[in-house]
Amino acid sequence: MNARMDQLEPGLYIVATPIGNLGDITLRSVEVLGGVAAVACEDTRVTGRLLNHLGLRKRMIRYDDHASEADRARLLALMAEEPVALVSDAGTPLISDPGFRLVRAARAAGIAVTSLPGPSAAIVALTLAGLPSDRFLFAGFLPARDKARRDMLAGLAGVPATLVFYETAPRLGDALGAVAAVLPGREVAVARELTKKFEECRTGSPEELAAHYAAHPPRGEIVLLVGPPVAAPADSRDADRLLRAELESARPSQAAARVAKLTGLDRKALYARALALK
Ligand code: SAM
C-alpha cells in the first residue's frame with residue numbers, strides 16, 4: 001500500500017498525532033489524513049480540533065477497543081472498500097490507546113494495514129531522560145491500587161532494562177513511593193508535559209523526586225522511567241574466581257586492575273589477594 005499516491009488505496013492507516021505540540025504532525029500524516037474517506041477516533045471533539053487545525057473536513061467514526069463486534073465489522077467493511085485512518089486523542093494509536101483489536105481483525109480479514117510513525121510519549125521520554133536506552137520495557141500505566149502497583153513493580157524487578165510507565169499527576173507521589181520501596185537504589189526520571197510549554201524532565205532517586213513533587217505538586221501528563229537494576233556488588237568468592245582466571249595469563253597487578261574494573265572492588269585489596277592466590 002503506497003501512502004504517497006494521490007488516491008489512497010483502501011485499507012487501515014494507523015496515524016500518530018502530536019502529544020502536545022501541533023507542529024509534530026508529519027507531512028505524510030497530513031497527506032494521508034487528507035486522503036482518507038473517514039477517520040476512526042476515540043473522541044470526535046479532540047480529533048475534530050486537530051483536523052480543523054489542518055484545514056481538513058472528514059467523516060469521523062468513534063472507535064475504541066470496547067466497540068461492539070457489529071461496530072468493528074462495519075468499520076472493517078468500510079476499510080475493505082475505502083482508505084480509513086485510525087488516530088487516538090494524542091500520540092501513537094495502540095500504545096496505551098485503542099487499536100489492537102482493530103488491527104488484528106483487519107489483518108485477519110486480509111485488509112491492508114500500514115502505520116505512519118510519529119510522536120509517542122514513551123519514546124520522547126526515553127530519549128530525554130538520560131537513562132540507558134539500549135534496552136527498555138514499556139509497561140503502560142501502573143495500577144492505581146497500592147498493592148497491585150507494588151506487585152507489578154516486583155514482577156518487573158529482575159528485568160535488565162529501563163522501565164517506562166505512563167502515570168497521572170495525582171498518582172505520581174504514590175508511584176514514586178512504591179518504586180522506592182520495591183526497587184530501592186534505582187535511578188528514576190519524571191518526564192512531564194513533553195513537547196509543551198512547561199516540558200520538564202527530572203532525574204534522581206525516587207526519594208528525591210518524591211520530596212520534590214510533594215513540595216511542588218505536578219500538573220499535566222507524565223512518563224515515569226526507572227533505570228535498570230544496579231549490578232549486585234561482587235562478593236569475595238566472585239572476586240577470587242575472577243582473579244584466578246586472570247592470573248592464568250596476567251601478572252597480579254594486571255589481574256587486580258582488570259577485576260577491579262569488572263567488580264568495582266578496591267584494586268589494592270585485590271592486588272594483595274592476587275599475590276596470596278598466586
Ligand atoms: N498513545 C499515546 C502515546 O503514544 O504517547 C499515549 C496515550 S495514554 C492514554 C496517555 C498517557 O501518555 C498520559 O497519561 C501520559 O502518561 C502519557 N503522555 C501523553 N502525552 C504526554 C506528554 N505530552 N508528556 C508526558 N506524558 C504524556
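Entry 1. I searched the whole structure and got 15 salt bridges. I keep in mind that this is a predicted model.

Entry 2. I looked up E69 and found a salt bridge to R72, with the closest N and O atoms 2.8 Å apart. Both residues belong to helix α3 (residues 69-81), and their spacing of 3 residues puts about one helical turn between them. E69 is exposed, at 59% relative accessibility. R72 is buried because its relative accessible area, 6%, falls under the 20% cut-off.

Entry 3. I went on to D71, whose side chain meets that of R74 in a salt bridge at 2.4 Å, N to O. I noted that D71 and R74 are also 3 residues apart in helix α3, about one turn of the helix. The accessibility values are 37% for D71, which counts as partly exposed, and 55% for R74, which counts as exposed.

Entry 4. I turned to D240, which forms a salt bridge with R273; here the closest N and O atoms are 2.6 Å apart. This pair links distant parts of the chain, 33 residues apart: D240 lies in helix α9 (residues 236-247) and R273 in helix α11 (residues 267-277). For D240 I read 12% relative accessibility, so the residue is buried. R273 is partly exposed at 37%.

Entry 5. Which residues are linked in a network of salt bridges? I wrote down D146, R149, R150 and D174.

Notes: Residues are numbered from 1 along each chain as its sequence is written. This is a predicted model: local features need pLDDT of at least 70, side-chain atom pairs count only at pLDDT 80 or more; totals for chains, interfaces and linings use all residues. Side-chain values use heavy atoms; hydrogens and water are left out. A salt bridge is a side-chain nitrogen of Lys or Arg within 4 Å of a carboxyl oxygen of Asp or Glu. Helices (H or I, at least four residues) and strands (E, at least two) are DSSP runs, numbered from the N terminus. Buried means under 20% relative accessible area, exposed over 50%, partly exposed in between (1.4 Å probe, protein chains only).
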